[in-house]
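Keep the model open as you read.

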Amino acid sequence: LYKNSKINTCIASGSFRTDAMVVVPASMGTIGRIASGISSTLVERAADVVLKEKRKLIVVPRETPFSTIHLKNILALDEAGAMILPAAPGFYAGQKTFDDLVDFVVARILDQLDMDHDLMDPYQGWYSSAAYIYIMIYLDNAATTPVAPQVLDVLKDSMNSDFANPG
């Protein structure tokens, strides 16, 4: 580990090979300084190096709501090649605890880094009740719809399995 004040350490150099960098949590001050190319700390300098070397930089903003200034800085980072990954869990994945919400965000970060994990299974999807009703109406009218019977069977099987085990 390095002190954030030690801006002249090896990870602050482009010749120090890294695959990626994650800034989590990233304050709007840090995001603004990285977006502006201001490197007054080791985190800011290392992020600047990762961007200039065209390596993967993942930034996880910690604040909400965003002001126009925040959004412009986030956009500047995105345009410079950074991945912006807000710490916003998808509430559709069946989380039951606070740890599940944290694991969701950590899993998304690890996914972006192409790192295997067992924090959560990949989302398989499920139909909302509105989509289910629409599809059921569509399937009920299948006799007048030019859809191959095999396609209807696959749709019916898919819906039945998704609703039998939505999570």
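Start in the loop between helix H2 (42-52) and E2, where Lys-54 sits. This is a predicted model. Lys-54 is not a glycine, yet its phi is positive, about 60 degrees. Its relative accessible area is 72%, so Lys-54 counts as exposed.

With a relative accessible area of 68%, Asp-114 is exposed. Most residues other than glycine have a negative phi, and most peptide bonds are trans.

One joins Val-24 and Pro-25, with omega about -10 degrees. Pro-25 belongs to strand E1. Another runs from Thr-64 to Pro-65, with omega near 0 degrees. Pro-65 is in the loop between E2 and H3.

Now go back to H4, residues 98-112. Its 15 residues reach 22 Å from first C-alpha to last, close to the 21 Å expected. Its buried residues are Phe-104, Val-105, Ala-107, Ile-109, Leu-110 and Gln-112. Their cover includes strands E1 (20-26), E2 (56-61) and E3 (83-84).

Finish with a helix pair. The axes of H1 (residues 28-36) and H3 (residues 68-79) come within 9 Å and cross at roughly 50 degrees. H1 is therefore oblique to H3. The crossing is left-handed. H1 contributes Met-28, Ile-31, Gly-32, Ile-34 and Ala-35 to the contact, and H3 contributes His-70, Asn-73, Ile-74, Ala-76 and Leu-77. Of these residues, seven are nonpolar, three polar and none charged.

Methods: Residues numbered from 1 in each chain as written. Predicted model: local features only at pLDDT ≥ 70, side-chain atom pairs only at ≥ 80, totals over all residues. Heavy atoms only, no water. Helix = DSSP H or I, 4+ residues; strand = E, 2+ residues; numbered from the N terminus. Expected span 1.5 Å × (residues − 1). Buried < 20%, exposed > 50% of the residue type's maximum accessible area, 1.4 Å probe, protein only. Contact = heavy atoms within 4.5 Å. Axes fitted to C-alpha atoms, helices over the stretch in contact; angles between N-to-C directions. Parallel < 35°, antiparallel > 145°, perpendicular 65-115°, else oblique. Left-handed = near helix turned anticlockwise from the far one by under 90°. Nonpolar A, V, L, I, M, F, W, Y, C, P; charged D, E, K, R; others polar.
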